[in-house]
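Trainee: Before we discuss this entry, may I ask that we proceed by question and answer?

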Amino acid sequence: IFKFCDAKAWKQNTILTAAGLPGCLVALFMVLNVFLHIAGAATAVGFIPLILLFGLWVFLSIPLVFIGSFFGFRAEKIAVPVKTNQIARYIPELPWYASPPYSFLLGGILPFGSVCIELFFIMSALWLHQIYYMMGFLLAVLLILGATCAEVSVVMSYLQLCAEDHRWWWKSFMNCASAGLYLFLYSLWFLSSRLELVGVLPVVVYITYMGMISVCFAMFCGSVGVLCSFWFIRKIYGALKVD
């Protein structure tokens, strides 16, 4: 998609992809772990696991990103099924359901709702030390989440195109990525109603970890939304018969 958009700074894009989100997550984890060591918490991670985690990022994740970028930029550019106008069309006033932030808030409800029940058991296993053993059901929920994000992105992109708004790319991402906001709000409810944390540091640890999980969840949902909207728009415009 980066090549399809005629972007040129592919080296910068590859470096940011390899170091942006993973680097922020690793840095947050290490800083938080330092404070846990200072406080003498039993949940602090040792030095060797930290080095192993850093090594996985540097020696496995980053090389795979560069290898994927190498083959991606060597591949042929995705063709456009129809000719596009060089002058952008005027966009009329959009209905409320197709304009942000309402479209973002509406689009994130269904992806979050598809995992809401399973999320309770996962968070109970993470924070209440309960045993989680429904791995097969978790895989089914993951597939349902992907299908829900695809359907939401296609429907929202179709409504947006019907409203004569051609700016679908970032909106298709945010329509599904907003599910991460609902996940973070759910985690705050879980903190206030289910957990009995004492002190400031445990609350900071919980909010930080759930914030990281919410960002990753939003990135997954948003990526599925963009790819499915891209496929849908190429299909519908490719089916047009232009004489």
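Predicted model: local features only at pLDDT ≥ 70, side-chain atom pairs only at ≥ 80, totals over all residues.

Trainee: Which pattern does the protein chain follow along the sequence?
Mentor: The chain holds nine helices and zero strands. Read from start to end, the pattern is therefore made of helices as DSSP runs. It is α-α-α-α-α-α-α-α-α.

Trainee: What share of the residues in the protein chain is buried?
Mentor: The C-alpha atoms fill a box of roughly 75 × 40 × 35 Å along the principal axes. A residue counts as buried under 20% relative accessible area. Of the 243 residues in the chain, the buried share is 31%.

Trainee: Among contacts between residues at least 6 apart in sequence, what percentage join residues at least 24 apart?
Mentor: A contact requires heavy atoms within 4.5 Å. Of the contacts between residues at least 6 apart in the protein chain, those joining residues at least 24 apart make up 78%.

Trainee: Which residues lie nearest the centre of the largest pocket?
Mentor: This pocket has a volume of about 1,200 Å³. Helix 1 (10–19), helix 2 (21–39), helix 3 (47–74), helix 7 (169–177) and helix 9 (200–238) each supply at least two residues of its lining. The lining has 34 residues, and those nearest the centre are Ile 1, Phe 2, Asn 13, Thr 17 and Val 226.

Trainee: How many residues of the lining of the largest pocket are nonpolar?
Mentor: The lining of the largest pocket includes four charged residues and eight polar ones. The nonpolar residues in that lining number 22.

Trainee: Which helix gives the largest share of the lining of the second largest pocket?
Mentor: The second largest pocket holds about 930 Å³ of space and is lined by 23 residues, with Thr 84, His 166, Trp 168, Trp 169 and Tyr 237 nearest its centre. By class, this lining has 14 nonpolar, four polar and five charged residues. The largest share, four residues, comes from helix 9.

Trainee: Which residues line the largest cavity?
Mentor: The count comes to one cavity of 30 Å³ or more, and the largest cavity has a volume of about 30 Å³. Helix 6 (135–162) and helix 7 each supply at least two residues of the lining, which divides into two nonpolar, three polar and one charged. The lining residues are Ala 98, Ser 103, Met 156, Gln 160, Lys 171 and Asn 175.

Trainee: At what angle do helix 5 and helix 9 pack?
Mentor: Two packed helices are described by the angle and the distance between their axes. Helix 5 (residues 109–127) passes helix 9 in a right-handed crossing. The axes are 14 Å apart, and the angle is about 145°.

Trainee: Which residues of helix 9 meet helix 5?
Mentor: Helix 5 contributes Pro 111, Val 115, Met 123 and Trp 127 to this contact. By class, the contact has eight nonpolar, no polar and no charged residues. On the side of helix 9, the residues are Tyr 206, Tyr 209, Met 210 and Phe 217.

Trainee: Is Phe 217 buried or exposed?
Mentor: Phe 217 is found in helix 9. Beyond its neighbours within four places in sequence, Phe 217 is in contact with Pro 111, Val 115, Leu 145, Ala 179, Gly 180 and Leu 183. Its relative accessible area is 15%. Since the cut-off is under 20%, Phe 217 is buried.

Trainee: How far apart in space are Phe 217 and Cys 176?
Mentor: Phe 217 and Cys 176 are 41 residues apart in sequence. From C-alpha to C-alpha, their separation in space is 9.9 Å.

Note on methods:
Residues numbered from 1 in each chain as written. Heavy atoms only, no water. 1 Å grid on protein atoms, 1.4 Å probe; cavity = no way out; pocket = protein on both sides within 12 Å on 5 of 7 lines; lining within 4 Å. Points joined across faces, edges and corners; volume = space filled by probe spheres on them. Nonpolar A, V, L, I, M, F, W, Y, C, P; charged D, E, K, R; others polar. Axes fitted to C-alpha atoms, helices over the stretch in contact; angles between N-to-C directions. Left-handed = near helix turned anticlockwise from the far one by under 90°. Buried < 20%, exposed > 50% of the residue type's maximum accessible area, 1.4 Å probe, protein only.
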